[in-house]
Amino acid sequence: MTAFLGIDSSLTGRRWVGPDPALERRAEGLAQQAALPLPVARILAERSVSPEEVPGFLAPKLRDLLPDPLTLRDMAAAAERLVEAAVSGQRIAIFADYDVDGGASAALLLDWLHQLGRQASLYVPDRIDEGYGPNAPAMAKLAEAHDLIVCVDCGTLSHDALAAAAGCDVIVLDHHLGGETLPPALAVVNPNRMDEDGALGHLCAAGVVFLTLVQAGRVLRARGLPEPDLMAMLDLVALATVADVAPLVGVNRAFVRQGLAVMARRQRPGLVALSDIARLDGAPGAFHLGFLLGPRINAGGRVGRADLGALCLSCRDPREAGELARQLDELNRDRRAIEAAVRQEALAQVEARADARLSWAAGPGWHPGVVGIVAARVKEATDLPSVVIGVEGGIGKGSARSVPGVDLGRAIQRLAREGLLLKGGGHEMAAGLTVEEARIPAAMERLAALIARDLAGRTGAGDLRISGLLEPSGATIEMFRLLEDAGPFGQAAPAPRFAFADQLIDSAATMGDRHLRLQFRSPGNPPLEAVVWGAMDGPLGPGLIGAKGRRFHLAGKLEVSNWGGRERLRLRLDDAAPVGNL
């Protein structure tokens, strides 16, 4: 295939690849039949949307896409027990994972109980001292003081820990891959149990919790009792769905679309405080959930107090929420500094190893709170499944991040069954593992072999997918709104990336130490702004900082900023290539 615009090696060293000709023909036909702009039709054609399905796809309704909660095993028992505990005033504990999905899941339950006039204890394990998921001492202590423990975003593989909760009912609401047997619990609601059909396997834990609360609402209704307002909780479901990199397909699209609308009303103090401290300059989008809010909520579990994220999301007092958001923001700055040092060392190892199947790195003293985000950065840099492991006392604790088409969680779970790992599990796109230091090389070699077949035929790291050409005159707020209707964009639903051919750079200046702002234009068109976040950490910043007066092909995604109450369209630049010097 000929390189798009003839670009075989851009400033970032990538080859540009244009839209597939067959897809382009389908998009042109869809544009005519459904009276859509071609850029929007391209997105729908890529999602295999038929002309008849266009109205429902562009305006997804939760009532049309929400599955029956009872299609999930153990759902009836879980919802009945939760309602019984709530209405009879029993003592309830919520055991939550320390990431965004766990925090949002816990906040959903706390909000639901609050609307029923009830409270619950919150327990979030310390990442360093306790590790991921339920542990026997914590569960035993909770069981002594509670009638019901609800484990959210964890628990599916915690056989021994749940067995320690003797005399107390336990419900697991999770989405991580299950094993051959289930832990001793009253109910394990998980679309990724081995005895489920996987139809709802794309849900994050907050999505599972939301479905449980839908079924609990049916139980309350049958008893003639008032039901909490679930629609107002969709902001939490949207946040968790995006931050946990769940595929934005099926009901997840409706969760995020309607959750963003709820969030825009600024009614949840914790999210308002986090948005303000992150300087979110307009209505939130999926990008903001994943890159502005999510990292701050995660920061407590990574390098600070594990429960801060859940406390902030469930907080109802604006002043208290502001203080929690401030603490999370400070911890996020600390996390970035720690992450930068580990990332540099990890990328150096990956580059030296040059394995085309798997990017992995391990180092002594690497903070366990940042290995996950460093794995994500390594994955972005190499376009390969990535594992980053911090070693302490002869034991490595690591996190893994995958690429579309590679089920890394299942492969890591297999390594644990084979004895190469002390433990490991997760889901398709993210997983965790614990391994003896001496066995790290053998485990990573086996993991690379397991995923090699899935990687065959994938677009390589040297390719940048382009959705189509666009002129600055066609980049309007109106076009952006039409494209938004085809969203939200994220995992399994990438945002369209447009190329702007032969553009004159009017200006290029740094923003802070790491970012870059450009102004560019083509003949007869007004200038358009572009931003490059983290530009000075890679080749784009140095390659563009002195580009004033030169011509470049540019590629990126459109976004809207709101500065001083005025909306402005800009390009979030992904890549560039000088014209005439390719």
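Q: What must DSSP find for two strands to pair, and which residue is the bridge partner of Trp360 in S8?
A: Two strands pair if DSSP finds at least two bridges between them. In this predicted model, six bridges join S7 to strand S8 (residues 386–392), and the two run parallel. Within S8, the residue bridged to Trp360 is Val387.

Q: Which strands stand at the edges of the five-stranded open sheet?
A: The sheet is open and its pairing is mixed, with the strand order S7-S8-S9-S11-S10. A strand with a single partner has one side left without a neighbour in the sheet, so the edges are held by S7 (359–364) and S10 (423–426).

Q: Is Val170 buried or exposed?
A: Val170 is found in strand S5 (residues 169–173). Beyond its neighbours within four places in sequence, Val170 is in contact with residues including Met139, Leu148, Ile149 and Leu186. Its relative accessible area is 3%, and buried means under 20%. Val170 is therefore buried.

Q: How many Å apart in space are Val170 and Pro385, C-alpha to C-alpha?
A: In sequence, Val170 and Pro385 are 215 residues apart. In space, their C-alpha to C-alpha separation is 34 Å.

Q: The side chain of His553 reaches the backbone nitrogen of which residue?
A: His553 has its place in strand S17 (residues 551–563). At 9% relative accessibility, His553 counts as buried. At 2.9 Å, its side chain reaches the backbone nitrogen of Asp502.

Q: Are H5 and H9 roughly parallel or roughly perpendicular to each other?
A: Helix H5 (residues 75–87) and helix H9 (residues 205–222) pack with their axes 9 Å apart, and H5 passes H9 in a right-handed crossing. Among the residues that meet are Met75, Leu82 and Val83 in H5, and Val208, Leu211 and Val219 in H9. The packing angle is about 65°, and angles of 65 to 115 degrees count as roughly perpendicular. H5 and H9 are therefore roughly perpendicular.

Methods. Residues numbered from 1 in each chain as written. Predicted model: local features only at pLDDT ≥ 70, side-chain atom pairs only at ≥ 80, totals over all residues. Heavy atoms only, no water. Helix = DSSP H or I, 4+ residues; strand = E, 2+ residues; numbered from the N terminus. Buried < 20%, exposed > 50% of the residue type's maximum accessible area, 1.4 Å probe, protein only. Contact = heavy atoms within 4.5 Å. Polar contact = N/O pair within 3.5 Å; in protein donor to acceptor, adjacent residues only side chain to side chain. Axes fitted to C-alpha atoms, helices over the stretch in contact; angles between N-to-C directions. Parallel < 35°, antiparallel > 145°, perpendicular 65-115°, else oblique. Left-handed = near helix turned anticlockwise from the far one by under 90°.
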